[in-house]
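Me: Please walk me through how to read a few features of this structure.

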Amino acid sequence: EAGEYAPGMPLPAVEELADLYGVKEKMVENAIDALANEGLLRKISEKEVYVLGDKIERNIEVLEGFTQTMLDKNLKPSFKIVSKVRRGAGNLYGAMFGIPAQDEIFYIKRLCYANEDPVSLEEILIPCYLIPKLEGINLSIFSIYELYGMYGIRLSEARQTLDLIVLQPADARLLGLKDNLPAMLFQSITRDEQGRVIEFNRNYVRSDKCDFSVHFFK
């Protein structure tokens with residue numbers, strides 16, 4: 001049934017689907033393979049299959065996430081989730097996202113790796129109404145930008161600021177920073193094509209591992 005399994009969620013086991021729809025397991029396996037080939041499912045293994053949403057085109061030269069940035073540089077991206085919780089928006093984030101203060105937002109804290117080397121520590125805040133099933137989605141399988149596309153969220157623009165800071169000792173240890181080496185702090189607010197603020201991001205980047213460039217046009 002359409003819409004029964006939300007984008008990003010795992011499919012039940014083959015035998016469970018076969019019992020549910022009253023068909024043979026081989027028929028279910030063939031259907032999964034066909035849907036994976038069409039790009040509607042992501043098959044990690046025979047027992048691990050995830051639902052994808054509709055594909056959309058995205059201009060990665062204008063707005064892209066960590067995963068695509070690393071892939072563009074021929075590096076292997078990976079993540080370690082430090083924390084993923086629901087919390088109240090409060091007055092500050094309620095005003096930022098244009099939602100009531102009592103509404104909930106997702107708070108995600110994760111380490112980002114390039115070729116298994118930690119390069120940044122991210123804090124991401126997203127209103128719960130945008131991706132209600134986020135708690136159950138494996139963020140080591142799907143990037144945040146993939147989820148936006150799967151849930152029909154079309155990104156439009158991000159405004160970003162840059163500072164140099166010294167991290168708290170616990171966060172510095174997570175990143176492997178020593179001797180009070182400063183980190184670059186990128187803070188960004190991202191909007192979609194409807195003008196909604198859909199993400200607030202703090203990204204603490206190792207200054208000894210990364211640099212950045214800016215292109216100016218006349």
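Me: How many residues of strand β7 are buried?

Reply: Buried means under 20% relative accessible area, exposed over 50%, and partly exposed in between, with a 1.4 Å probe and protein chains only. Seven of the 10 residues of strand β7 (residues 183-192) are buried, and the strand is mostly covered. Strands (E, at least two residues) and helices (H or I, at least four) are DSSP runs, numbered from the N terminus. This is a predicted model: local features need pLDDT of at least 70, side-chain atom pairs count only at pLDDT 80 or more, and totals for chains, interfaces and linings use all residues. Residues are numbered from 1 along each chain as its sequence is written, and side-chain values use heavy atoms, with hydrogens and water left out.

Me: Which strand is joined to β7 by 10 bridges?

Reply: Two strands pair if DSSP finds at least two bridges between them. Strand β6 (residues 155-165) is joined to β7 by 10 bridges, and the two run antiparallel. Ala 158 has Thr 190 in β7 as its bridge partner.

Me: How many bridges join β7 to strand β8?

Reply: Nine bridges join β7 to β8 (residues 197-206), again antiparallel. Phe 186 stands opposite Asn 203 in β8. The two strands β7 and β8 form a hairpin with four residues between them. In the turn, Gly 195 has a positive phi of about 85°.

Me: Is Glu 15 buried or partly exposed?

Reply: By the cut-offs above, Glu 15 is partly exposed, with a relative accessible area of 43%. Glu 15 has its place in helix α1.
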